Amino acid sequence: MTAPSSPQGLRQRKAADDGLGDSRAQVRGESAQSEKSRQAHDEVVWGQTPDGEVFRVPTTHDVLTGLFHPRYPKSHLDILNLSLLGFQLVLFYILPRPTAKVFFLFYFVFWRAAYDAGLGWVLTKQSKRKWMVREIQRLGWLDEKRNPAARDWIRAQLQGKMGKDYSFDELPLEYNTWLLFRQLVDVILLNDFLAYCMFAFTCFRVPEGLSFPVHVMRWIGGIALVIFNLWVKTEAHNVVKDYGWYWGDVFFQRGALVFDGVFELAPHPMYSVGYAGYYGLSLIVGSYPVLYVSLAAHAAQFAFLVLFENPHIERMYGKRKPIALREPMSASESKKIKKMNSSCQLPSSAEDDPDQLSTPTATEGESATDTETETECEGKAPRIHRSYRPTQPILLESTVSQHDLHHKYFRRDVVIFHNIDLLRSSDAMLALLLAYVIVGSSLPALSYHATLALHFTHACAWCMFHSFGLGLLLRAQSKSKYLVRHFLKHYHYPSRDHGDGAVQEAFTNWKALYNISLCMTYTSLMSLAWKSYTAPVAWFEGDALLCHTLGALLIALHLWAAMESFEVLGVFGWFYGDFFMEDFPAHLEYTGIFRYLNNPELMSGASFLGLALISSSKLVGMLAVIRFVSYWWFLQTVENPHMRKLYGDSLRKDAGFVKVIKSVASKNVRILESRAGRHVPEIKRVAKEVKGTFDKVFEETADVVEEFLARSKPRISEVMQETKVLLQQSRERLVITRVARDLSSYDTTKYKISIVPSQSGDKRFHIGESIKVNWQAPARHSHRDWIGIYKVGANKSTLVTKISSVGLWVPVHDEEWDQDEPVEDTSRIAPLGKKPEVGTVSFEGSTLPWTIGQYEVRYHHDGKYNVLSLDGPFEVYVDKPASLDLTSVRDCLARIVPLCLDSDPDLIPLSCGGTREPADTDSDVVRDVDDFSFWSERQAKRICCVIKQAFGVEYAPDVVMADANLTALANRILVSKQLLVL
């Protein structure tokens, strides 16, 4: 069937650019149509199977109505579900409380494992290989001829649950499989929920040592969290409907992507705030075991999110974006940075043509950008294929792209401890500073109180410097470019540099200074907390255990917020790049955590509060207050004014979280006003006076802080300059040899493999060139056989392979493998006398050897390491240039680079036969025909590996990705060869 052209056809899906960052819970919210856009209850909705069949999606009923409403018929699975629920209630009343606690704990663990592990495993296999649909096809459960009894039973179960618009015979197998799976999910979800409630009720107690107001607040808070939980789940279901609630997109596609309602309140609302009821019930029953079981269950749910939901979204809705893609910026963004590049003469040998040694310092950018995600039923837009075969390097006037700007300002910068390199001066200074804090905190010194005072002063100094000291530097940079002026004044730069060197050096030193300050702030804080910490004598008396738990949660909240912020900001935003780089495109994107909060960095104070709770130290608590006040000053005085200056009216006023809270508050205020009557004016007057008091306090505090900082403004005179040094590591694999025990039932003489000759007609293959192998096996052979490539002499035995293939292998039948693991044995048993089975496999990309040498191929049996046939040797070589001139090196790279990029026309240079996107032809900016890009860093590593073997020079992948141009890379190789001449 084909999709109808009428409005009743499949509604087009449009995905946001940051769809991969969101959870599948959000995409389920997006994939269900908003209630506001529904014009009638009987609106026709169409679905599409993976095979392209379009069908009308029937109406479904929610589980509670179908299960508990007496007028609805009950299927056998419903009866089973009701029986299990009733079984729990009966046991709750008849079992003694100690026995009931243990029973319901393990019963809840069982159902929680069935949910997160069981459903996660099944859904993952269905998402990857449509496993559930294939199994039902294999078993014939819905086949009237193969298994009529099972089909009739399933039909009866499903028809009783659906409405009049449901037709079992007319709907595709995928939809009926989903309905059957949905009933299984109902059994698991309801029993999981009730088992948790029964466990919580069996643990009910009244905590001792707490006052009556605390008990009242505990109950009020618990009930509020439970109500909030129910509201979130209800609102989420109203948005996603049954299609999203039961993972319908794993089986078929339906509807448009909409993001609305509760999904703007918090990230992953069904998995994050949607479990607030767990903690509300923990408060009500007053039990630590319930609290920790709730935390464990919630963590398991997040594991389900990370291990199944997010990978499924990446497979279903994600679209790969090339790395090192040069996209041109708009005229308004590039008008300040577009410059004419002068040709640079490289020293060369006498026979080299000097005219060939000039090259642009940057290359043209691509103009194609992704604005919409294609639907599954749409094909790719046509491309214009043009090949360029220049006789000499093409030299173009350069246009700065965002890719070039990124590699201009960022060079493996240290983020906390990531990318640390002790051969860089700034990194060595960071390690030294951290060492003196750690060693100093471990040495005995002075009296106890004097030590605490010393640590508090130390931590407070770093906290103040991080917010006020660096804040003043940033404010001066924003107003008068203080740091850039300083480096222009005191350091020499080439005349043709146009001041770029000062900006780069200022920003480089700022990044090192900021990271050192950040690390020292939190290291000194932890040292103070450690010195003031005393382990509780009685963990279960008073609030000691609760304080430790809440403290750990606050620290975890800070770590999560920091990681989410960095994921959105990247290194550019993390290091406040917009204070330094005017040529970098300035645009706002409210994605990730910034969708809900304008300043998630405020959560950095959560770790201060968490350590204050854990250590029960007033000094740490005082430091937390200082941290909040100092960072509030930083936002009000430094960051917000600069953001208004830079982005103007494009800054939003309220984040998603604030909007939701204001909406709810406004609704409650209107309800309060309608009930308050004549007291409304008095209430408004009091609220206005309170607000004015707080505003006055804030203004006075800001004035005092400003005056203090003006008198004690620090002056930074010297900073350390970092030197870029790259370290490369390698790793080896071990293999546990698995040998089959059923070889006696196979005729090993009938297994044969042979290497298909290369384009040159022999068994010599250029590195990166596809290698094809013909194979022959008996009809009864295992469909889990595989073929691997090994270096000649690596395996001493010709019967068993004893070393790993390190990924250099391909299956004989790909459908019998799930990534690196064989699926359950489905070997075919053919009649005797049938002709042998033959075929061809191809080694490409990551399955190829990327090191020159002599190799052999081995045919292995049944997913194990028994060798049934081998062929070889064959040679993998690399072409080397006859002379070291620009043209020869570039021509050599013109063969190497496309092979390392898998000859993908979307990646390889236009000069090597790459394709031009339609957007490139419409753009005013001409793409450099030597530009190339990558899908992953692995492809850049291949280029580095081949360059080392072909030219004898070694580069890190970042260097190759920064060039991403044949001529630029050829020039770099020539310069490197000249510098390395002994």
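Trp-247 is buried, with a relative accessible area of 1%; the term buried denotes under 20% relative accessible area, exposed over 50%, and partly exposed in between, for a 1.4 Å probe and protein chains only. The model is a predicted one, in which local features need pLDDT of at least 70, side-chain atom pairs count only at pLDDT 80 or more, and totals for chains, interfaces and linings use all residues. Residues are numbered from 1 along each chain as its sequence is written, and side-chain values use heavy atoms, with hydrogens and water left out.

Trp-247 is located in the loop between α8 and β3; helices (H or I, at least four residues) and strands (E, at least two) are DSSP runs, numbered from the N terminus. The phi of Trp-247 is near 55 degrees, a positive value in a residue other than glycine. A positive phi of about 50 degrees is also found at His-268, which is not a glycine. His-268 is placed in the loop between β3 and α9 (276-285) and is buried, with a relative accessible area of 15%. Most residues other than glycine have a negative phi, and most peptide bonds are trans. A cis peptide bond, with omega of about 5 degrees, joins Gly-872 and Pro-873; Pro-873 belongs to strand β14 (residues 867-877).

The structure contains 44 aromatic pairs. Rings of Phe, Tyr and Trp (its six-membered ring) are paired if their centres lie within 6.5 Å, and planes under 30 degrees apart count as stacked, over 60 as edge-to-face and the rest as tilted. One of the pairs is formed by Phe-55 and Phe-252, edge-to-face, at 5.4 Å centre to centre with 65 degrees between the planes. Phe-55 lies in strand β2 (residues 54-56) and Phe-252 in the loop between α8 (212-245) and β3 (253-254), so this pair ties together parts that are 197 residues apart in sequence. Both residues, Phe-55 and Phe-252, are buried.

Phe-252 also forms an edge-to-face pair with Trp-178, at 5.6 Å centre to centre and 80 degrees between the planes. Because Trp-178 lies in helix α7 (residues 173-202) and Phe-252 in the loop between α8 and β3, the pair ties together parts that are 74 residues apart in sequence. Trp-178 is buried, with a relative accessible area of 2%.

Charged groups are also placed over rings (NZ of Lys or CZ of Arg within 6 Å of the ring centre and within 35 degrees of the ring normal). Arg-97 lies over the face of Phe-92, at 4.6 Å from the ring centre, and the charged end of Arg-764 is over the ring of Tyr-877, 4.1 Å from its centre.
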